[in-house]
Amino acid sequence: MTASNATATGHKKNSRFKLHLKIWRQKGKNEAGGLVDYDVNDVNPDMSFLEMIDVLNQDLIKKGEEPVAFDHDCREGICGSCAMVINGNAHGPDTGTTTCQLHMRRFNDGETVVVEPFRAKAFPVLKDLVVDRSAFDRITAAGGYVSVNTGSAPDANAIPISKTIADVAMDAAACIGCGACVAACRNGSAMLFVSAKVSQLSLLPQGKAEREERVSRMVWQMDEEDFGSCTNMGSCAGACPKEISLEHIARLNREYLRATVLKKDRQASDSGNG
Amino acid sequence: MNLDSKIPSGPIEDKWTRHQFESKLVNPANRRKFEVIVVGTGLAGASASAALAELGYRVKTLCTHDSPRRAHSIAAQGGINASKNYQNDGDSVYRLFYDTIKGGDFRAREANVHRLAENSVKIIDHCAALGVPFAREYGGTLANRSFGGAQVSRTFYARGQTGQQLLLGAYSSMMRQVDAGRVNLLPRREMLELVVIDGKARGVIARNIETGEFETHVADAVVLCTGGYGNVFYLSTNAKNCNVTAAWRCYVKGAGFGNPCFTQIHPTCIPQSGDHQSKLTLMSESLRNDGRVWVPKARGDKRPPHQIPLEERDYYLERIYPSFGNLAPRDIASRAAKLQCDDGRGVGETGLAVYLDFADAIKRDSASTIAQRYGNLFQMYDKITGEDPYKTPMRIYPAVHYTMGGLWVDYNLMSTIPGLHVLGEANFSDHGANRLGASALMQGLSDGYFIIPTTIGNYFGSTSLPKVDSSHDAFKQALDDAKSRTQKMLAVKGSQTVDDIHRRIGKIMWDNCGMARNEDSLTRALAEIPKVRESFWSDVRVPGEGVALNQELEKAGRVADFIDLAELMCRDALERKESCGGHFRTEYQTEDNEALRDDANFCHAAVWEFAGTGKAVRNTEPLAFENVKLATRSYK
Amino acid sequence: MSAAAGTLKYLTSSVGRKYIMAVTGLLWSGFVLSHMLGNLLIFVSAESYNRYAHALISNPLIYVAEAALVVTLALHAYNGISLWLRNQRTKPSQYAVAPTRVKGASLASKSMAYSGSIVLVFIILHLVTFKYGANYTAVYGGVEMRDLHRLVLEVFRVPAYVAWYFVCMVLVGVHLFHGFSSSFQTLGLNHPRYNGLLKAAGTFYGVVVAAGFIVQPLYVFFFAR
C-alpha cells in the first residue's frame, strides 16, 4: 500500500528534495524527439507527479523556454487523460494508480526519473508527452454500445440482474480508456481496452442482443487501427490503473469464438435478408 | 432584456406534458435539414448529441478533450437521484421536486424543477437499458442509498463511479450515432466565439487545439453544454480544463448570465497540502452516511485523533442538526466546518480541516463492509495523503465544487439569444441557490436526453432560418475577434505566468466571495479585480506560438475570461443583499448563524446583461412559488 | 458474403489467428506427448522400440495423421510468424528504461517467436535425420521392419547432436510452458478458480515433455554405447 511506501522512502512532512528528470521532448507530430535533462530542486513529498511537472513548467516559462506539454484533466484518476511512462512503467511505479494519483513521496532525493509518452503505432506522439488516442473512440464507435433509442427503455427493474454478474460487469466498466494497457504491451495491443467493453456489455442482459456483431466489429476495427495482437503476457493487466483482469480478454475471446461460429454480423444478416 | 420564462400554464404536474403537446414538431424527413452544434460532451452534451441524432438531426459535436469520454461529468462519484420509490419509503415525483426546491433555498423555478423530477424516472430506465452497471441487490433489483440532505433512499449508484458510468453510457450512445454518420465528432476543439446573425445563434468559431488553426462552424442552432465555472477560484474540485470561456463569449454576445454568485462549496474534500496544490479532490458525500464529523472541543488541540477521548470531541453536526446529523445539506455542512475552523478548532497542520471518522461504522459493520461501500474512495484518500482512513480519521475541508449560476434559460432551455440553448451545469436553471447531492447528473441527463429533443424541435418549427454560410460578415468578424484576442495574448510577452495570475484571481475570490461574503469583502474584491485584469493584459507571459498545440495559450484565454467573470460574480453577490443557499452574506444571518433570506426583495433570479468590459446591467426574473410555500429551511 | 469467406474474415483477424494458433498448438502438444512416451520404449528394449515404430508407420492412417501434422504445423508457423511481424510493426520503439512493474510477462511468453522458430528448424532437421535417415532393417518374429533403434544409437553418439537436441528440447519445454496454458486463455477458458491450476498444468506439461525427450539421448550417450 501507499502508506507503507511513504514510510519506506522516509520523507518527513514538508521536507523538500531534489529530482533529476529526463523528459521526452518532441516539437510536433512528424518531428524527431529526444530525452532532455531537467533538475527540479524543490520537490515536496506531498505533491502529485503532475504538480511536480507543473513546478518545472512554471520554471521553464519564466526562463523563456517552452513548457512540457502533457494531457491531464481531472487529476483524481478517473478521466484517463494523463499518460506518462515513468521509468519504463506506464503511470509509474505503483499498481492501480494513474500518473495524477502518483505522489512524490514515492521517490527518493536525488533520484533520476525518465518520463516518456505512451508509445505504440496506434498512438502517435503529437507533442512532448501528448499522444493521439482517438483510435479508442473509433473502436467504441464500431460497437461499444447498446443500440437503444432514448425513450424506448422498459422500467429499470423489469430485467433483474444478479449482483454477481453486475459486479463483474462493473469491474470491466471501470476502464478509464487511458491506454496504459497499450503502452505497456510489447505488441501495442488494445485487447484489454476492447475486452473491458465487450465483457461488460456481454455480461448484461441489455447487451446480449447484439453481442456477436459488437465483438466482431470492435475486433476488426482494433486490427484496422494498427494495434498489435494479444500474446497473453499480461503486462496490460499489470499496468492497468483500474486493475482490469485478463479474464475479460478471455471473455472477449469466447465472445468472438461465438460470433465466428454464429456469424451474426451486420453484413451477414443484411445479405441474409436481402 | 426579455426574460420571458415561457412557463406553460396549468397545474404543475401537467405543465411538461402539455408543453410537449403544444410544442411544434419537425417532420422526420425534414429533420436532416437542420444542423445542430453541440459544444461539450459531458452528460448534457453527450446525451443531447445522441438524442438529437437519434431523431434525425445532423449533429456536430465539439469537445476540448482528446476524447469525448473525458468530460468532467466522469468524476462525479456519489450517485443520481430518481423518484422511483423502489424502496417504498414514501418517495414520489412531488417529493423530489419539493426537496429540490427547498434544498435550493427557493431560488429555482418550480416548473423546471418539477419537470426534472418527472424525468428522473426515465433517466434510470434509459441508463439501465444502455448497460450502465448500477449497483444491485442480491435479488437482481437496483440498489439505492440515501444521499446528502434527503430522508428517502432515492440515489442510484455504480460503486463510487456513478458519473463515470453514466457518462460512458451517454458517450456510447453518442458514439453509436457517430458510427451511423449522424454525429460529426470533433475532439480537441475549443469554442472561442458564438456567431449571431439576425439576432439568432448560427454557429461558432473554434480553435483546433492540436493544430492551433481556427475553424468556423455553421449551424441552425447551438447547444452549449460546457459545464460550470468553479475554476474561477483556481483551487476547486473541477478538472483543470473546466472553464467558462464558451459561456462567457455567449454572455458577451448578449446572452443573460443568471445568478453568477451562486456557487456550491462541497463539505467533504481533501484539504490543501501546500502552495503547489493544483486542484482539490472531492471525497464523495456518500461517506457522510457512515462517517461521523468531529473536531476537538478544545481550541488548538494538536493531539493525534485517537488520543482525544470521546468526551473531548465535538460531533458538531449531530449536535446542531439532530434530525439530519452528518447528512445536513452541503452548504450547511460546509459553513459549519468553516465556523469550527475559524473558531480555532480545526485539525491537521494547517488547522483548516475537520475529521470524518469511520471508527464507529467499522466497529458496527466490519471493515470489509465499509471497504465494499467506499473501498475506492479510501484508496484514493490514502494515495493522496499517505494516510490510511481505516486506521485514522480522514481530514476533510470544504472546497468549491459546483456552480448553480450560469447562462439564463427559459423553460425551453433557450438563452436570451434565440437558437442558443444551454444545458447542464452551464445553465442556471434547476438548483436555485444550492444543489442537492446526486442532482447534477440527473439534470445533465434530463436536459440532454429528454428536454432538448422536444424544445429544439419547437424552435425549428416556429422560426424561419434563412440559409447562411461562413462567408457571412458575422462569421468573418467573429473569426477576426477570436484570432486577434489570441494574438494579443501572445504579444504581451510579460513576466507573469498564466498560473500566477490565475492563482491571484482565485485567492481574491476565495477570500472575498467564497463560503461567506459581505459588503466589505466584495467591495474590496471589486477594487482588486480590475488590477488583475490590467496586469494580465500588460504582463502575462504566454510562451510558444499560436498555430500549434499550445497549452499555455489555451489556459491564458480561459483565465482572461475568468477574470471578467470574477468581477460579475462579486457584483452579483454584492447586489443580492440576502443570504440563500450557497450565497452566504455575513450581514444577513439568523441568531443561529443560518442563512437569512429576504423574500420580499430578492425572490428572483438576477440576470446580468453585458454592457462592455467591467460593466453589466442587472435584470430580474421574479420567481413565483405556487406549490411549495416559501419557508425558512430547517434541518434541525 | 459466402459462408466460407465469412468464416475466413473471422479467422484472419488478430483474434481469429490466435484461435488457429491455440488449436494447432494444442494438437501438437498432444502429439509431442505421445511421441515422447513412445521414445521411452528405448528403456524397455530395442525390439519393443522398433515394433512400436513399425506399428505406427505400417498403419495406413499414418498418411492422414502426417498430413494433419504438416498442415497444423504450417498453420501454426504461418500465423505465428505473421502475427509476430505485425507486432513488430505495431510497437515501433521501446522505452529508454526497462519496466520494473510488468506483471506476468515471463521470458517464455516474450520469446515464443524465437523458441518457435528454432523448434521449427529442429523439426525439419529431425525429419531429415530420422524419418529420411539411414534405412537399417531388423527382423522380429519373421517380420522385416525398420531398425530405428540402431539409427538412434548412432545419432546420439555424436556429442554435438546431443547438445543441439538437448537445447531444442528445453526450448520445446519453454514453448509449451507458456503455449499450453495460453491456448486456454485464447480460447476463452479462463476462470479465477482454475487459472492457477491451468498455469501449473502448463508448467508440468512443459517440464515432463522436455524431460521425457531429453532422457533418451542422455541415456544413449552415457549408457548405451
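## A tour of chains A and B

Start in chain A, where 18 residues of domain 1 are in contact with 16 residues of domain 2 (contact means that C-beta atoms, placed from the backbone, lie within 7 Å). On the domain 1 side of this meeting place you will find nine nonpolar, seven polar and two charged residues; Ala, Val, Leu, Ile, Met, Phe, Trp, Tyr, Cys and Pro count as nonpolar, Asp, Glu, Lys and Arg as charged, and the others, Gly among them, as polar.

A word on what you are viewing: this is a predicted model, in which local features need pLDDT of at least 70 and side-chain atom pairs count only at pLDDT 80 or more, while totals for chains, interfaces and linings use all residues. Residues are numbered from 1 along each chain as its sequence is written, and chains are lettered from A and ligands numbered from 1 in the order in which they are written.

To colour the two parts of chain A, select 2–127 for domain 1 and 134–273 for domain 2; these bounds come from an automatic or database domain assignment. Their C-alpha centres lie 31 Å apart.

Next, select residues 191–203 of chain A, helix α6 (helices are DSSP runs of H or I with at least four residues, strands runs of E with at least two, numbered from the N terminus). Because 13 of its 13 residues are buried, α6(A) is largely enclosed by the rest of the structure (buried: 20 or more other C-beta atoms, placed from the backbone, within 10 Å of a residue's own).

Last, move to chain B and its open sheet of five strands, ordered β5-β2-β1-β9-β17 with parallel pairing (paired strands share at least two DSSP bridges). Select Val223(B): opposite stands His421(B) in β17(B).

Conventions:
Contact = placed C-beta atoms within 7 Å. Expected span 1.5 Å × (residues − 1). Buried ≥ 20, exposed ≤ 12 C-beta atoms within 10 Å, placed from the backbone.
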